[in-house]
Amino acid sequence: MLIDWHTNLWLDEHLTEEHRRDMNVRSGGRKTDASPQRHERDVAGVADRFGVVAIRWPRLGVDVPNDFVADYVSRFPDRAVGFACVDPMDPGAPDELERAIKTLGLHGLKLGPTYQGFDPWSNEAWQLYEIANDLRIPILWHQASAFPAQSILEYGRPYLIDKIARAFPDMRMILAHFGKPWANETVHILRKHKQIFTDVSAVVYRSWEMYDALLRAKDYGVMDQVLFGSDFPVQTTTEALASLRNVAAEYQGMPRISDTVIEDIIFNRPFDLVWGRDPLAAI
């Protein structure tokens, strides 16, 4: 089963014009249209199942509401999971997270300390981890670099998640984008904590960086914790598939990442791996 674990959805009104323009320039001119119509064609029309993330980055003027994502994924009740997003610095964040899961039917929490500007070890954030743990939902982290000048990279290091994983050993988490540019840290976190996963989204089209990250994952025996993802609209599902498959073939004479390993990442990472069950089975 092909699952695109990491996709975005928004309308123009959800992003400031400055942010959309900056994203286009810093991603090498890649498309920034993540409309429901395009998502339905380029993600839902290709993947068997997929995840969609909400975004709540008030300091950067980006707000993709939980209700908007919940409404979209409800069109695909047996195929799509939605990740809620709340701002840990918002006093209403705990209540909003509970509403998003219990009332809207979303299935996980998306957090991005670099974008949202919060310390992952802060008391405010810790309160959300306790709720997520109680609700038995995974956290999808943007624990990686970020392009806006206002982003806070010291909050993005993957090693910061180690303390959280030790405190919540049963809570499953995904470190998006292989923790780029700190893939080595990500691999060591995965080796230490088997309840943590990573995805290839937004790094997969940078072929050398992707090759190096996968080789590290292979060497440390954590390839089974690597998930496929496109980070749509950065790439469509089809484009990300092509990028990942190209990694296996591009570096002749170098240590090989076999086609079998690549196809295993693409087709053998069910939702059960992260939720411990099929989160859509009861719907």
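This is a predicted model: local features need pLDDT of at least 70, side-chain atom pairs count only at pLDDT 80 or more; totals for chains, interfaces and linings use all residues.

Me: Why is His 6 called buried?

Reply: The relative accessibility of His 6 is 1%. Buried means under 20%, so His 6 counts as buried. His 6 is placed in strand E1, residues 3-8.

Me: What does His 6 touch, leaving out residues up to four places away in sequence?

Reply: Its contacts include Gly 51, Lys 110, Leu 140, Ala 176, His 177, Asp 199 and Phe 232. One of these, Leu 140, is 134 residues from His 6 along the chain, and the two C-alpha atoms are separated by 9.1 Å.

Me: His 177 is among those contacts. What is noted about the phi of His 177?

Reply: Phi of His 177 is about 60°, a positive value, although the residue is not a glycine. His 177 sits in the loop between E8 and H8.

Me: Is His 177 buried or exposed?

Reply: Its relative accessible area is 3%. The limit for buried is under 20%, so His 177 is buried.

Me: Which other residue has a positive phi without being a glycine, and how do you know whether that residue is buried or exposed?

Reply: Arg 136 has a phi near 60°. Its relative accessibility is 65%, and exposed means over 50%, so Arg 136 counts as exposed. Arg 136 is in the loop between helix H6 (123-135) and strand E7 (139-141).

Me: What makes H8 and H9 roughly parallel?

Reply: Helix H8 (residues 183-192) and helix H9 (residues 207-219) pack at about 25°, with their axes 9 Å apart. Angles under 35 degrees count as roughly parallel, so H8 is roughly parallel to H9. The crossing of these two helices is right-handed.

Me: Which residues make the contact between H8 and H9?

Reply: H8 contributes Ala 183, Asn 184 and Val 187, while H9 contributes Ala 213, Arg 216 and Ala 217. By class, this contact has 4 nonpolar, 1 polar and 1 charged residues.

Me: Why is H10 described as roughly antiparallel to H11?

Reply: The axes of helix H10 (residues 237-250) and helix H11 (residues 259-267) cross at roughly 155° and come within 8 Å. Roughly antiparallel applies to angles over 145 degrees, so H10 is roughly antiparallel to H11. The crossing of H10 and H11 is right-handed.

Me: Which residues form the contact of H10 with H11?

Reply: On the H10 side they are Leu 241, Leu 244, Arg 245 and Ala 248. On the H11 side they include Asp 259, Ile 262, Glu 263 and Phe 267. The contact residues of H10 and H11 divide into 7 nonpolar, no polar and 3 charged.

Me: How do you know that Thr 236 is buried?

Reply: Thr 236 has a relative accessibility of 9%. Buried means under 20%, so Thr 236 counts as buried. Thr 236 lies in the loop between strand E10 (226-227) and H10, and is in contact with Arg 38, Asp 42 and Ser 230, leaving aside neighbours within four places in sequence. Thr 236 and Thr 7 are 229 residues apart in sequence, with a C-alpha to C-alpha distance of 8.9 Å.

Me: Why does Asp 162 count as buried?

Reply: Its relative accessibility is 14%, and buried means under 20%, so Asp 162 counts as buried. Asp 162 belongs to helix H7 (residues 161-167). Apart from neighbours within four places in sequence, Asp 162 is in contact with Ile 189, Lys 192 and His 193.

Me: Which members of the largest nonpolar core touch the most other members?

Reply: They are Tyr 129, Trp 141, Phe 178 and Leu 214, in a core of 83 residues. A second, separate core has 14 residues, including Ile 3, Trp 5, Val 53 and Phe 197.

Terms used:
Residues are numbered from 1 along each chain as its sequence is written. Side-chain values use heavy atoms; hydrogens and water are left out. A nonpolar core is a set of buried Ala, Val, Leu, Ile, Met, Phe, Trp, Tyr and Cys residues joined through side-chain atoms within 4.5 Å. Buried means under 20% relative accessible area, exposed over 50%, partly exposed in between (1.4 Å probe, protein chains only). Axes are lines fitted to C-alpha atoms, for helices over the stretch in contact, and angles run from 0 to 180 degrees between N-to-C directions. Helices (H or I, at least four residues) and strands (E, at least two) are DSSP runs, numbered from the N terminus. Angles under 35 degrees count as roughly parallel, over 145 as roughly antiparallel, 65 to 115 as roughly perpendicular and the rest as oblique. A crossing is left-handed if the near helix is turned anticlockwise from the far one by less than a right angle, and right-handed if clockwise. Contact means heavy atoms within 4.5 Å. Ala, Val, Leu, Ile, Met, Phe, Trp, Tyr, Cys and Pro count as nonpolar, Asp, Glu, Lys and Arg as charged, and the others, Gly among them, as polar.
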